[in-house]
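Student: Could we go through this structure together? I would like to ask about a few residues and then about a sheet.

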Amino acid sequence: QVQLVESGGGLVQAGGSLRLSCAVSGTIFSRNAMNWYRQAPGKQRELVARISSAGSTTYEDSVKGRFTISRDNAKDTAYLQMNSLKPEDTAVYYCSTEEPARGGPLEFWGQGTQVTVSS
């Protein structure tokens, strides 16, 4: 089955950096788009960044210029480099993979990793 394992979260001071990793197994990684979402307490989950199978990227407005999504198809892993972190970036971060399917992509999720930014 498809499995995603996130790592790299933690506690960091405002202005600091973290790099999240998402290791994927059970699917042909190179065919899939990859997403990073986050969910802060009391808020809905929001899409932070996306990278297509071809490498095209999109970002939520509040993270543009600070976050970078990337992928390594040789390692079946996606990354989210987060710089200039702000307290409002505090959330549980989830990665997902979209597997192409006849009726539309199938999306699979990781368990999430906590990111806490102190002021």
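This is a predicted model: local features need pLDDT of at least 70, side-chain atom pairs count only at pLDDT 80 or more; totals for chains, interfaces and linings use all residues.

Student: Where is N32 located?

Tutor: N32 lies in the loop between β3 (18-25) and β4 (33-39).

Student: Is N32 buried or exposed, and why?

Tutor: N32 counts as buried because its relative accessibility is 0%, and buried means under 20%.

Student: Which residues is N32 in contact with?

Tutor: Leaving aside neighbours within four places in sequence, the contacts of N32 are T27, S52, S53, R71, T97, E98, E99 and P100.

Student: Now S119. Is S119 buried or exposed?

Tutor: S119 is exposed, with a relative accessible area of 88%. This residue is in the segment after β11 (113-118).

Student: What does S119 touch?

Tutor: Not counting residues up to four places away in sequence, S119 touches A14 and P87. As for K86, its C-alpha is 7.5 Å from that of S119, while the two residues are 33 apart in sequence.

Student: On to the open sheet of four strands: what is the order?

Tutor: The order is β1-β3-β8-β7, and the pairing is antiparallel. β1 (3-7) and β7 (67-72) are at the edges; each has a single partner strand, so one side of each lacks a neighbour in the sheet. On average, neighbouring strands of this sheet are turned by 15° against each other, direction ignored.

Student: How many bridges are there between β7 and β8?

Tutor: β7 pairs with β8 (residues 77-82) over six bridges, in the antiparallel sense. One of the bridge partners in β8 is M82, which is paired with F67.

Terms used:
Residues are numbered from 1 along each chain as its sequence is written. Side-chain values use heavy atoms; hydrogens and water are left out. Helices (H or I, at least four residues) and strands (E, at least two) are DSSP runs, numbered from the N terminus. Buried means under 20% relative accessible area, exposed over 50%, partly exposed in between (1.4 Å probe, protein chains only). Contact means heavy atoms within 4.5 Å. Two strands pair if DSSP finds at least two bridges between them. Axes are lines fitted to C-alpha atoms, for helices over the stretch in contact, and angles run from 0 to 180 degrees between N-to-C directions.
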